[in-house]
Amino acid sequence: MKPNNLAVASIDDKQFHQLGSNLMESIEVALEAADDALDLDLDVERQGGNVINIRFKDRSVIVVNTQAPLHEIWVAAKSGGYHYRWAGTLTAPLWLDTKTGQELLSDLSAFASAQAGQAVTISLIQK
């Protein structure tokens with residue numbers, strides 16, 4: 001799946017791990033900041049480096065994990081399961097849902113907002 005007017009850069013395993021690590025760190029930082037600012041009572045737990053469990057006040061959970069063999073990011077939320085495939089460049093990272101074409105961080109922000117009951121914005125840390 002290619003976004004319109006963008007050339008997708010292929011990535012190797014090392015680049016996937018670097019991009020995935022930055023993505024996971026960005027998610028953690030954004031959620032911790034949102035929790036501090038909005039008092040969401042979130043529990044953000046990292047497991048084994050490649051899985052983040054986000055527990056909400058209502059006991060619902062979002063799970064985000066990297067799937068290295070497939071070079072994908074998988075998300076499980078109340079609304080369903082989603083697979084995001086690399087569709088960007090090293091200078092403009094982009095992960096798109098394999099079915100809908102929606103962008104990962106936009107979707108994750110919407111899922112977290114729905115489960116938290118307040119607007120939560122998750123963006124990528126620029127490195």
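Which residue's side chain meets that of Lys78 in a salt bridge? Select Lys78 together with Asp58: their side chains form this contact at 3.3 Å, N to O. A salt bridge here is a side-chain nitrogen of Lys or Arg within 4 Å of a carboxyl oxygen of Asp or Glu. The model is predicted, so that local features need pLDDT of at least 70 and side-chain atom pairs count only at pLDDT 80 or more, while totals for chains, interfaces and linings use all residues. Residues are numbered from 1 along each chain as its sequence is written, and side-chain values use heavy atoms, with hydrogens and water left out.

Remain with this pair. Lys78 sits in the loop between strand E4 (72–77) and strand E5 (80–86), and Asp58 in the loop between E2 and strand E3 (61–67), 20 residues apart. Helices (H or I, at least four residues) and strands (E, at least two) are DSSP runs numbered from the N terminus. Lys78 is exposed at 60% relative accessibility, whereas Asp58 is partly exposed at 42%. Buried means under 20% relative accessible area, exposed over 50%, and partly exposed in between (1.4 Å probe, protein chains only).

Next, select Arg55 and Glu45, whose closest N and O atoms are 3.1 Å apart in a salt bridge. Arg55 belongs to strand E2 (residues 51–55) and Glu45 to strand E1, ten residues apart. Arg55 is partly exposed at 33%, as is Glu45 at 30%.

Finally, select Arg46 and Glu28, a salt bridge with its closest N and O atoms 2.6 Å apart. Arg46 lies in strand E1 (residues 43–47) and Glu28 in helix H1 (residues 13–38), so the pair ties together parts 18 residues apart in sequence. Glu28 is buried at 16%, whereas Arg46 is partly exposed at 30%.
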